[in-house]
Amino acid sequence: MQTELKALRRINLRKLAQKFGGISMLARQLDKTPAQLSHLIGINARKNMGDKLAYSTEQKLGLPSGWLDTPHSEEDASNYEDSRVTVSSVPLLTDYEVLKWLQKPSRSLFQRKVQYVKTSLQLNKHAFALQVHNDLMEAPSGFSLPRGSIVIADPELPVKNNNYIIICLERNLAPLIRQLVQEGSRKYLKPLNPCYPIIELTAPTYIVCGILRQAIITL
């Protein structure tokens, strides 16, 4: 019976990882590293989720007590409501609307019919969504942002080392989605696709447009 319960928790946690856009995004919600979560739900998972960790996970995600111990369909996992927050919507911007949105985050900005993306995350009011148009963030394994993914970014959070960010190097250039890596006083923009180079952030002026909080990936 205990073996079946541990297997069920692993299945449900994998469904939640898919809902949040991957192991890395779910790990961030749970204040864990992707490696720690991979030990629980990765392909070669070696650890089981005990009662204490299951309870803590449910609390952090706003799930009802015992949710992880109950069978759920894929639809149940993707549509559960977080009891701590109200589901909100953020605008799906084009590349060239991002800077304008940061300057004046108002619906009056748009001269087109705008799509809104629903999320249950706790976000600042200027959060927005952006679609990935290239393969620079497609990783051969682990966390990946394939072409066509939609990311939700919050521009009001402090930037930290290893954050996934949306950044504009110049005002007239389209924003980039990269991982920010800092080594001492030097900063680098890292694509997850190893076919592309890591570049040092040397631009005299640049704007971090947002910290990635969620990825929506269509399989």
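I started with H3 and listed its buried residues, which are Leu37, Leu40 and Ile41. I then checked where they sit around the axis: they cover an arc of only 75°, which means that they are on the same side of H3. The spacing fits a general rule, noted here for reference. An α-helix has 3.6 residues a turn, so residues three or four places apart point the same way. I keep in mind that this is a predicted model.

Next I looked up the nonpolar cores. The largest has 40 residues. Those with the most contacts inside this core are Leu26, Phe128, Leu145, Val151, Ile166, Ile177 and Leu212. H1 gives the largest share of the core, 4 residues. I also found another core lying apart from the largest one, with 7 residues, including Val90, Ala127, Ala129 and Ile152.

I followed up Leu26. What does leucine 26 contact once its neighbours within four places in sequence are left aside? I get Leu13, Leu16, Ala17, Phe20, Leu37 and Leu61. Leu37 in this list is one of the buried residues of H3.

Last, I turned to the largest pocket. Its volume is about 600 Å³. I count 23 lining residues, and Gly22, Ile23, Gly142, Phe143 and Ser144 lie nearest the centre. Helix H1 (2-20), helix H2 (23-29) and helix H3 (34-41) are the elements that each give two or more residues to this lining. Sorted by class, the lining has 12 nonpolar, 9 polar and 2 charged residues.

Notes
Residues are numbered from 1 along each chain as its sequence is written. This is a predicted model: local features need pLDDT of at least 70, side-chain atom pairs count only at pLDDT 80 or more; totals for chains, interfaces and linings use all residues. Side-chain values use heavy atoms; hydrogens and water are left out. On a 1 Å grid over the protein atoms alone, a cavity is a set of points where a 1.4 Å probe fits but cannot get out, and a pocket is an open set with protein on both sides within 12 Å along at least five of seven lines; lining residues have an atom within 4 Å of a point. Grid points are joined across faces, edges and corners, and a volume is the space filled by probe spheres set on the points. Ala, Val, Leu, Ile, Met, Phe, Trp, Tyr, Cys and Pro count as nonpolar, Asp, Glu, Lys and Arg as charged, and the others, Gly among them, as polar. Buried means under 20% relative accessible area, exposed over 50%, partly exposed in between (1.4 Å probe, protein chains only). The arc is that of the directions from the helix axis to the C-beta atoms. A nonpolar core is a set of buried Ala, Val, Leu, Ile, Met, Phe, Trp, Tyr and Cys residues joined through side-chain atoms within 4.5 Å. Contact means heavy atoms within 4.5 Å.
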